[in-house]
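Here is a short report for a first look at this structure. Begin with the overall fold, then turn to the details.

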Amino acid sequence: MTVSMVGKLVRDKIPKIMLAKGVEPVFYIAAPEERRKRLRRKFMEEVREYLSADEESGPEELADVLEVTLTLAKDHGLSPDQLEEIRKKKELERGAFDDWIILTGTR
């Protein structure tokens with residue numbers, strides 16, 4: 001099945017917020033086969049917004065990235081705790097980004 005990408009994924013309360021402002025939203029609920037594609041697109045949108053944010057709005061945009069990340073994890077069948085365990089395992093095996101190491105090549 002080809003997934004139409006007209007429209008965009010929005011947070012659950014957006015239609016009610018729009019109605020409260022006197023705007024009638026037109027929407028549908030994404031089918032299961034469409035959801036991950038929509039989430040991936042939303043993830044990229046939120047990352048772009050974070051990258052273009054200033055110091056003041058950066059944390060709020062980063063929170064949006066985290067919200068989509070947690071929803072993607074759920075779509076993969078992972079709880080936030082399970083995702084954190086995967087992150088910790090990678091940190092133990094490969095480290096974090098605390099030392100700000102920039103690799104410029106090999107010899």
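In what order do the elements of the protein chain run from the N terminus on? They run α-α-α-α. The model is a predicted one. The protein chain holds 4 helices and 0 strands.

Next, the overall dimensions. The C-alpha atoms fill a box of roughly 60 × 35 × 30 Å along the principal axes. The radius of gyration of the protein chain is 18 Å, whereas a compact globule of 107 residues would have one near 13 Å.

| Helix | Residues |
|---|---|
| H2 | residues 32–51 |
| H3 | residues 58–75 |
| H4 | residues 80–94 |

Now the pairing of H2 with H3. Two packed helices are described by the angle between their axes and the distance between the axes. The axes of H2 and H3 come within 9 Å. They cross at roughly 160°. Angles over 145 degrees count as roughly antiparallel, so H2 and H3 are roughly antiparallel to each other. Their crossing is left-handed.

Which residues meet in this pair? From H2, they include Leu39, Phe43, Val47 and Tyr50. From H3, they include Leu62, Val65, Val68 and Leu72. The contact divides into 8 nonpolar, 3 polar and 8 charged residues.

Last comes H4. This helix has 15 residues. From first C-alpha to last, H4 reaches 21 Å, close to the 21 Å expected at 1.5 Å a residue. Just after H4, Gly95 takes a positive phi of about 95°.

How values were computed
Residues are numbered from 1 along each chain as its sequence is written. This is a predicted model: local features need pLDDT of at least 70, side-chain atom pairs count only at pLDDT 80 or more; totals for chains, interfaces and linings use all residues. Side-chain values use heavy atoms; hydrogens and water are left out. Helices (H or I, at least four residues) and strands (E, at least two) are DSSP runs, numbered from the N terminus. The expected span of a helix is 1.5 Å times one less than its number of residues. Axes are lines fitted to C-alpha atoms, for helices over the stretch in contact, and angles run from 0 to 180 degrees between N-to-C directions. Angles under 35 degrees count as roughly parallel, over 145 as roughly antiparallel, 65 to 115 as roughly perpendicular and the rest as oblique. A crossing is left-handed if the near helix is turned anticlockwise from the far one by less than a right angle, and right-handed if clockwise. Contact means heavy atoms within 4.5 Å. Ala, Val, Leu, Ile, Met, Phe, Trp, Tyr, Cys and Pro count as nonpolar, Asp, Glu, Lys and Arg as charged, and the others, Gly among them, as polar. The radius of gyration is taken over C-alpha atoms; the globule rule is 2.2 Å times the number of residues to the power 0.38.
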